[in-house]
Amino acid sequence: MTEPVNCAVSNITSSLVYGSRFEYSDPEFTTIVKYTTTNTQLLGSPSVQVTFKVYLTDSCIYIYLFIICNYVKKSDEQNQSGVPNSPYQEENMASSILQLFAAGTETTSTTLRWALLLMVKYPHIQDQVHEEIFRVIGTREVQTEDRKDLPFTDAVIHETQRIANIVPLSLPHQTSQDITFQNYFIKKGTTVWPLLTSVLYDESEWEKPHSFYPAHFLHKDGTFRKRDAFMPFSAGRRICLGEGLARMELFIFFVTLMQRFRFTAPPGVNVDELELMSCVGFTLNPVPHKLCAIPCA
Ligand code: HEM
């Protein structure tokens, strides 16, 4: 599943950045996708962590579609008017596009792979997702507006993001002034890693913090329940720039896959044997598993 899911998600970024998608067989595309994924894994390995300091946040500032569009326009204008030392250089644009692929591909595809694995591990929850989707929208193409009518499916996606906790350390930040936080003095200029795990698994916030329990996001009457401690995209001014896009992608991809397939363990493998363990990496990926996708009748 890994390669097609990575390619599908990466093609969304391609459509935004280049205005077109790639064929999955295109060697240029598969190379970009492969390196984006491998780099994210390498970034989390202890040897790379101790050797390099990663300052992703500042270089990410240019990212997002409308900024890139603006950028391309300004770049053309400024190149033509010959503005010296303009930040609108091709290298900057290439770096911004790279960051967009890096931030937007691996995160979303990893979450989707967790979602499919969890559906295999908990077939009764997959049954409830199928039941809701076929009852509410049937086989027609899903739209983002359908989310409000699919509270159980929405809860499953939220709970997947919570339990998968794919960016456990968020990104490093730096204090812009001396500050005392919960009785600890933190000097200006200190690097701070906000541990999202501490919130996503907070025992005072979640009824079953260490279990996959979609009811965390449901009221008793079955309607969707928002939770303040749900912050897989971090929080504050530097919250993930791609949150809206990621949420839309997760919903559309997940519902579409559920409409088309039932996911199971391969023949001879008992779901109890499926381990919900993560590999080491900057993002937490599920350890490799083989899954079967059986077309829905
Ligand atoms: C499930 C998918 C995703 C998750 C869980 C996720 C999570 C995060 C987290 C935790 C941060 C760190 C925020 C902080 O510094 O406090 C972040 C930053 C960022 N994300 Fe995402 N992200 C996802 C998808 C995306 C997508 C699809 C894009 C782009 C289209 C994107 C673009 C960015 C950018 C540009 C930043 C840096 C923002 C800044 O430094 O101001 N992310 N993301």
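This is a predicted model: local features need pLDDT of at least 70, side-chain atom pairs count only at pLDDT 80 or more; totals for chains, interfaces and linings use all residues.
Visitor: How far from an oxygen atom of the ligand is the polar side-chain atom of S234?
Guide: Two side chains are worth a look here. An N or O atom in the side chain of S170 sits 3.3 Å from an oxygen atom of the ligand. S234, which is among the closest residues to the ligand, also points a polar side-chain atom at a ligand oxygen. For S234 the distance is 2.7 Å.

Visitor: Which element gives the largest share of the shell around the ligand?
Guide: The shell counts 25 residues, and by class these are 14 nonpolar, 10 polar and 1 charged. The largest share, 6 residues, comes from α6.

Visitor: Is C240 buried, partly exposed or exposed?
Guide: C240 lies in the loop between α9 and α10 (243-260), and an unreviewed UniProt entry places a "binding site" feature there. Its relative accessibility is 34%, between the cut-offs of 20% and 50%. Therefore C240 counts as partly exposed.

Visitor: Which element gives the most to the lining of the second largest pocket?
Guide: This pocket has a volume of about 880 Å³ and is lined by 21 residues, with H173 and Q174 among those nearest its centre. Elements giving two or more residues are β1 (173-174), β2 (179-181) and α9 (196-200). With 3 residues, the top contributor is α9.

How values were computed:
Residues are numbered from 1 along each chain as its sequence is written. Side-chain values use heavy atoms; hydrogens and water are left out. On a 1 Å grid over the protein atoms alone, a cavity is a set of points where a 1.4 Å probe fits but cannot get out, and a pocket is an open set with protein on both sides within 12 Å along at least five of seven lines; lining residues have an atom within 4 Å of a point. Grid points are joined across faces, edges and corners, and a volume is the space filled by probe spheres set on the points. Helices (H or I, at least four residues) and strands (E, at least two) are DSSP runs, numbered from the N terminus. UniProt positions are given in the numbering used here, feature names are shortened, and annotations may be inferred rather than shown by experiment. Buried means under 20% relative accessible area, exposed over 50%, partly exposed in between (1.4 Å probe, protein chains only). A residue is near a molecule or strand if one of its heavy atoms lies within 4 Å of it. A polar contact is a pair of N or O atoms within 3.5 Å; within protein, one must be able to donate a hydrogen and the other to accept it, and residues adjacent in sequence count only if both atoms are side-chain atoms. Ala, Val, Leu, Ile, Met, Phe, Trp, Tyr, Cys and Pro count as nonpolar, Asp, Glu, Lys and Arg as charged, and the others, Gly among them, as polar.
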